Amino acid sequence: MAIHKILVTGANGQLGWELAQAAASFPAFEFVFVDRNSMDLSKPNEFIGIIELFKPDAIINTAAYTAVDKAESEKELATTINAKAVAELARISKQKGIPFITYSTDYVFNGNATSPYLTDTTLEPVNFYGETKAEGEQLALAENPATIVIRTSWVFSSHGNNFVKTMMRLMKDRDSLNIVGDQRGRPTYARDLALATIKMIEFINEGKDIKGIYHYANTGETTWFGFAEKIKALAGLECDLSPITSDQFPTPAKRPAYSVLDTQKIEKDLAIQIPTWESALKACIEQLSNN
Ligand SMILES: NC(=O)c1ccc[n+]([C@@H]2O[C@H](COP(=O)([O-])OP(=O)(O)OC[C@H]3O[C@@H](n4cnc5c(N)ncnc54)[C@H](OP(=O)(O)O)[C@@H]3O)[C@@H](O)[C@H]2O)c1
């Protein structure tokens, strides 16, 4: 059955919002966006009723408990949203025979690698958020082996809360900032990830065999300090930036030192060329200045 109606959770998040912006360019699809008021991910037993009401041909789950530090103290809620809810969505998708796409994180890896993580690298999260996302992946794939999990990293957008917007605000307010310079990763523009997700749905409609774990992030890699320097340059801001170590910036949740994702599988299977993080950042900052 061809996919026409797509249910998207997390309407107000970065990725949910970018999917809503992109939706207008894909009139072949009818997108139904739900936020926490119409579909609360902390109440998995309500999902079946909501899904039977909308009758989607596919489900995209962008909603998640994304407060990495707070997850260390709100363990039960984080587990329900990031693991139990994802498992229930996978179960219902299997029962209904519809594709299910959900997202995970670079924080499922231990951070000790020195080359990019492959989709089948062993999971070893260093914080509780990463544990809940790893559990969500595993439960969903056990419930429904056709589940599509897209791991992504360091997500930014002109909408919502993210490093780019926080840095721009702080750089306007302060003369100097210290930024962590010993964590490496791949920034990801939620708009690019939204477009790749829609491409995935188009490929499924064409009968291509898309399932299991994928990685998506903009190409290239940097540190938070390098990311901040580029934000400063592209936004034309004045502020002295200094790199510090993770030890000098203690947080409740530990972060992996190296969390670079290898994205070759998604590039090959979707026949896409992923934009560099610098060009994606430029597009996002232009979008912010148009707002
Ligand atoms: N942000 C990152 O840097 C990052 C990195 C790696 C992976 N990811 C993953 O990528 C995916 C998309 O993330 P994102 O950046 O778009 O996250 P986001 O901007 O933090 O948005 C998450 C959304 O989930 C919603 N949500 C939270 N609890 C909910 C609940 N109980 N019921 C319904 N909705 C709820 C939030 O609703 P409200 O707006 O009402 O709060 C928010 O709209 C997630 O799976 C995330 O784990 C993100």
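At what angle do the axes of H1 and helix H6 (residues 190-205) cross? They cross at roughly 60 degrees and come within 8 Å. This is a predicted model: local features need pLDDT of at least 70, side-chain atom pairs count only at pLDDT 80 or more, and totals for chains, interfaces and linings use all residues. Residues are numbered from 1 along each chain as its sequence is written.

**View 1. Helix H1 against helix H6.** Helices (H or I, at least four residues) and strands (E, at least two) are DSSP runs, numbered from the N terminus. Axes are lines fitted to C-alpha atoms, for helices over the stretch in contact, and angles run from 0 to 180 degrees between N-to-C directions. The H1-H6 crossing is right-handed. A crossing has that hand if the near helix is turned clockwise from the far one by less than a right angle, and is left-handed if anticlockwise. H1 contributes Gln 14, Leu 15, Glu 18, Leu 19 and Ala 22 to the contact. H6 contributes Ala 190, Arg 191, Leu 193, Ala 194, Leu 195, Thr 197 and Ile 198. Contact here means C-beta atoms, placed from the backbone, within 7 Å. By class, the residues of this contact are eight nonpolar, two polar and two charged. Ala, Val, Leu, Ile, Met, Phe, Trp, Tyr, Cys and Pro count as nonpolar, Asp, Glu, Lys and Arg as charged, and the others, Gly among them, as polar.

**View 2. The shell around the ligand.** The ligand is surrounded by 25 residues. The closest are Gly 13, Arg 36, Ala 64, Tyr 103 and Val 155. A residue counts as near if its C-beta atom, placed from the backbone, lies within 6 Å. Helix H1 (14-23) and strand S4 (100-105) each supply at least two shell residues. H1 gives the largest share, three residues. The shell holds 10 nonpolar, 12 polar and three charged residues.

View 3. Six strands form an open sheet with parallel pairing, in the order S2-S1-S3-S4-S5-S10. Strand S2 (30-34) and strand S10 (212-215) are the edges, each pairing on one side only. Twist averages 20 degrees from one strand to the next. Strands pair if DSSP finds at least two bridges between them. Strand S1 (residues 5-9) pairs with strand S3 (residues 58-61) over four bridges, in the parallel sense. Val 8 has Ile 60 of S3 as its bridge partner. H1 packs on the sheet and touches S1, S2, S3 and S4. The direction of H1 makes about 150 degrees with that of S2. Helix H4 (residues 128-143) lies across S4 and strand S5 (148-152), at about 150 degrees to S4.

**View 4. Helix H3 alongside helix H4.** The axes of helix H3 (residues 75-96) and H4 come within 8 Å and cross at roughly 15 degrees. H3 is therefore roughly parallel to H4. Angles under 35 degrees count as roughly parallel, over 145 as roughly antiparallel, 65 to 115 as roughly perpendicular and the rest as oblique. The crossing is right-handed. Contact residues include Ala 83, Val 86 and Ala 87 of H3 and Gly 136, Leu 139 and Ala 140 of H4. By class, the contact has nine nonpolar, four polar and six charged residues.

**View 5. Helix H7 across helix H9.** The axes of helix H7 (residues 224-235) and helix H9 (residues 277-290) come within 10 Å and cross at roughly 45 degrees. The two helices are therefore oblique to each other. Their crossing is right-handed. Lys 230, Ile 231, Leu 234 and Ala 235 in H7 meet Glu 278, Leu 281, Lys 282 and Ile 285 in H9. The H7-H9 contact has five nonpolar, no polar and three charged residues.

Notes
Contact = placed C-beta atoms within 7 Å.
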